[in-house]
Amino acid sequence: MNTDSQQKKWWKNAVFYQIYPRSFADSNGDGIGDLQGIILKLDYLQYLGIDAIWLSPVCKSPQDDNGYDISDYQDIDPMFGTQDDMDMLIKEAKKRNIRIILDLVLNHSSDEHKWFLEAKKSRENPYHDYYIWRDGSEDTVPNDLKAAFGGSAWEWTPETQQYYFHQFSVKQPDLNWENPKLRREIYDMILWWMEKGVGGFRLDVIDQIAKEPDQNITVNGPNLHKYLKELSRETFQKGDLVTVGETWGATVELAKLYSNPDQSELSMIFQFEHICLDQEEGKEKWDLAPLPFLKLKQVMKRWQQELSGKGWNSLFWNNHDLPRIVSRWGEDKDYRIESAKMLAILLHGMQGTPYIYQGEELGMTNAAYEIEDYRDIETKNFYQERLKKGDLKEEIMRSIHAKSRDNARTPMQWNGKKNAGFTEGTPWIKVNPNYNSIHAEDQIKDTNSIFHCYKKLISFRKKHPVFTEGDFQLLLEDDENIFAYERTYKHVKLLVICNFFRKTINNPLATPENTTELLISNYPANEKTILKPYEARMYLIQT
């Protein structure tokens, strides 16, 4: 394999768009987004300019964790459509030069998967060893490991008089990657999807597949990179694919292994160091803390510089598990448009592959619902746990309004009509009430909108090699208001200057007149000596 082949690296100057299918577009009026709905919106995505769609899980599932509990990896859940619909989506996207990236959940399956239904029948069943079992008695769990969604990570099964291990819901038993037969089944399934024409895979919590629960190891187990190399060799390297791993436990050093340019493991990973900064240290995401701005700059700098030439970054502020960035680190009332554009300009000038989460290109915001309007299992479990601890309901709801995963899962806001144009029926989760003023139809018409800011940023990545190839240097490292950096490639510099906060400040970075082009900004031209609230500028400088 020619690892230097540009063909293998199409994803380096691509921009990805994540779709959460149940909330994107409903074609049949049942209140749930579906594959035909996505097909109807492909022209919108083509106009935006994206190259690939990362599709959150659409495989058959009981939907205990919104599709991240798969009961059949080679079938489509009826709520989203059929395998024929998926084939049509792949085909129609390809016509528009858009690739479909599937979300694969390889750490666990649903407890309704045929493997698990067989596995729990008896200890002698051929599928028993596809999962992780430990002996014990019904009143004594094997150890004190906790599940991410609350409670013990062990669940008793009367049929086998054993516990099975689950890192998430009790309906999501962990797969036993030590079993070569299981691994072979997984590889054959991936090759089947590759044959169907998918462009790659996002791999859910992939750093947890090599767990060793007896040693309390749930992430970055000793066999992790051995498994990933085998997985890549048996599947990904046989096609022109992109692969991105979700790795909450990644460090820069681990990322160099995951995204080694030799392509022996993955194309890139999602790391979450920057995203975990606004929580109390050593506590849960719900325990809110102010964003340490200087630390954010250092974290971004480290990932930019240390992966350069040795790996590859994914660039993101949002996904289906995270609150809306404009509500989180921007300002979603008076300066929603300015701060949404600033955060976009700041991120898209960096080295890596940008990921836009549905509605991010419109500046969609968090939604402050009452607890009964939330659908997310993690949010509901957190609410009950904190009530039991005696926390005040107001404080619990403050955390939920800030960090609930459902903030990202409210229906896509297409227009100002009923249900934001998402569905003719009753939506599975409430539409954000601000859809009358924030929606795609308005923004497509307005060339000064957040949508058109994203559209321009996407086009720059195709046009200017400095976006893909340039070295990164952080400027004004100790400035408590400005996030500025430059990228340098050959005789071209990209200069990005962002006022991260809601106040007017002096701008210490002058730019040479005769060799400089202002590529994009979020305010009309004004004095260069000041930066207005959330002002962002991106310059191209010929050196």
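Helix H8 (residues 293-307) has 15 residues, which at 1.5 Å a residue should span 21 Å; the end C-alpha atoms of H8 are 22 Å apart, which agrees. The expected span of a helix is 1.5 Å times one less than its number of residues. Helices (H or I, at least four residues) and strands (E, at least two) are DSSP runs, numbered from the N terminus. The structure is a predicted model, in which local features need pLDDT of at least 70 and side-chain atom pairs count only at pLDDT 80 or more, while totals for chains, interfaces and linings use all residues. Residues are numbered from 1 along each chain as its sequence is written, and side-chain values use heavy atoms, with hydrogens and water left out.

The buried residues of H8 are Phe-293, Leu-296, Lys-297, Val-299, Met-300, Lys-301, Trp-303, Gln-304 and Leu-307. Here buried means under 20% relative accessible area, exposed means over 50%, and partly exposed lies in between (1.4 Å probe, protein chains only). These residues pack against helix H7 (252-258), strand E12 (314-315), helix H10 (336-348), strand E14 (471-475) and strand E15 (482-489), where contact means heavy atoms within 4.5 Å. After H8 comes Gly-309, with a positive phi near 80°.

Gln-83, Asp-85, Met-86, Leu-89, Ile-90, Glu-92 and Ala-93 are the buried residues of H3.

Helix pairs are considered next. Two packed helices are described by the angle between their axes and the distance between the axes. Axes are lines fitted to C-alpha atoms, for helices over the stretch in contact, and angles run from 0 to 180 degrees between N-to-C directions.

| Helix pair | Angle | Axis distance |
|---|---|---|
| H11 (377-389) and H12 (393-403) | about 155° | 10 Å |
| H5 and H6 (224-234) | about 40° | 10 Å |
| H10 and H14 (450-463) | roughly 10° | within 10 Å |

Angles under 35 degrees count as roughly parallel, over 145 as roughly antiparallel, 65 to 115 as roughly perpendicular and the rest as oblique.

For H11 and H12, the packing angle is about 155°, which makes H11 roughly antiparallel to H12. H11 passes H12 in a right-handed crossing; a crossing is right-handed if the near helix is turned clockwise from the far one by less than a right angle, and left-handed if anticlockwise. Thr-379, Phe-382, Tyr-383, Arg-386 and Leu-387 of H11 meet Lys-393, Ile-396, Met-397, Ser-399 and Ile-400 of H12. The residues of this contact divide into six nonpolar, two polar and two charged. In this classification Ala, Val, Leu, Ile, Met, Phe, Trp, Tyr, Cys and Pro count as nonpolar, Asp, Glu, Lys and Arg as charged, and the others, Gly among them, as polar.

H5 and H6 pack at about 40°, which makes H5 oblique to H6. Their crossing is right-handed. On the H5 side the contact involves Arg-183, Arg-184, Tyr-187, Ile-190 and Leu-191, and on the H6 side Tyr-227, Glu-230, Leu-231 and Glu-234. By class, the contact of H5 with H6 has five nonpolar, no polar and four charged residues.

The axes of H10 and H14 cross at roughly 10°, which makes H10 roughly parallel to H14. Arg-336, Ile-337, Ala-340, Lys-341, Ala-344, Ile-345 and His-348 of H10 make the contact with Ile-450, Cys-453, Tyr-454, Leu-457 and Arg-461 of H14. This contact of H10 with H14 comprises eight nonpolar, one polar and three charged residues.

Several single residues remain. Most residues other than glycine have a negative phi. Ala-420, although not a glycine, has a positive phi of about 60°; Ala-420 lies in the loop between H12 and helix H13 (440-445) and is buried, with a relative accessible area of 0%. Tyr-534 likewise has a positive phi of about 60° without being a glycine. Tyr-534 sits in the loop between strand E19 (530-531) and strand E20 (536-542), and at 6% relative accessibility it counts as buried.

His-128 is in the loop between helix H4 (114-119) and strand E6 (133-135) and, at 8% relative accessibility, counts as buried.
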